[in-house]
Amino acid sequence: MDDQHDLFRPRGLHGVDHRIVSALRACGSDPRVAGAARALSWAGEHGAVWVAAGLAGAVVDRPRRGAWLRGTALTAGAHAASSVVKRVVRRPRPAHVEPLVGTVGRHSFPSSHATSAAAAAVAFGALGARAVPPLAAAMCVSRLVAGVHYPSDVAAGAALGALTARLGARWMTGGTA
């Protein structure tokens with residue numbers, strides 16, 4: 001150890017998580033980046049932007065209304081699943097950075113924003129909504145810039161969301177699940 005600070009520096013994956021969230025949270029010192037992270041955080045609360053997108057798809061794309069509604073249900077279901085996992089794991093949010101936004105809960109793993117974003121990217125992306133995957137990726141990164149999640153929280157949430165939507169893909173498109 002080179003200095004006293006090494007005594008307090010987390011090691012291994014936990015240390016990598018800390019260093020990445022610190023570096024990305026520092027990007028939030030730019031007011032434009034902070035504003036975007038705050039807007040995405042607000043829009044993604046409880047999967048709201050994804051539910052709205054799915055309902056809009058159902059209104060606009062009448063021939064595939066059922067698929068849009070089932071995709072919306074998958075996205076909401078993925079979000080609910082992440083909430084259950086979060087209550088079981090109970091990992092605290094990063095305490096070593098000042099968050100840009102408030103949070104509904106104090107638990108971090110998995111990121112529910114990332115879960116619903118990835119579920120929407122898979123479900124709505126399959127229906128041709130090309131803008132959803134890049135917006136979902138931005139949503140995931142914004143959780144790190146906002147300083148409210150570790151990268152492993154976001155990765156686990158994205159995996160849970162993508163898996164949920166993928167497992168429900170046949171049901172979503174009208175086939176059997």
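**Exercise 1. Determine how many helices and strands the protein has, and how its size compares with the globule rule.**

Solution. The protein contains eight helices and zero strands, where helices (H or I, at least four residues) and strands (E, at least two) are DSSP runs numbered from the N terminus. Along the sequence the pattern reads α-α-α-α-α-α-α-α. The radius of gyration is 17 Å, close to the 16 Å that the globule rule gives for 177 residues, so the protein is as compact as a globular protein of that length. Here the radius is taken over C-alpha atoms, and the rule is 2.2 Å times the number of residues to the power 0.38.

This is a predicted model, in which local features need pLDDT of at least 70 and side-chain atom pairs count only at pLDDT 80 or more, while totals for chains, interfaces and linings use all residues. Residues are numbered from 1 along each chain as its sequence is written, and side-chain values use heavy atoms, with hydrogens and water left out.

**Exercise 2. State what share of the residues is buried.**

Solution. Buried residues make up 44% of the 177 residues; the term means under 20% relative accessible area, against over 50% for exposed and in between for partly exposed (1.4 Å probe, protein chains only).

**Exercise 3. Locate His-107, classify its burial and list its contacts.**

Solution. Start with the place: His-107 is in the loop between helix H4 (65–89) and helix H5 (112–126). Next, its relative accessible area is 13%, so His-107 is buried. Finally, leaving aside neighbours within four places in sequence, His-107 is in contact (heavy atoms within 4.5 Å) with Lys-86, Arg-90, Arg-91 and Arg-93.
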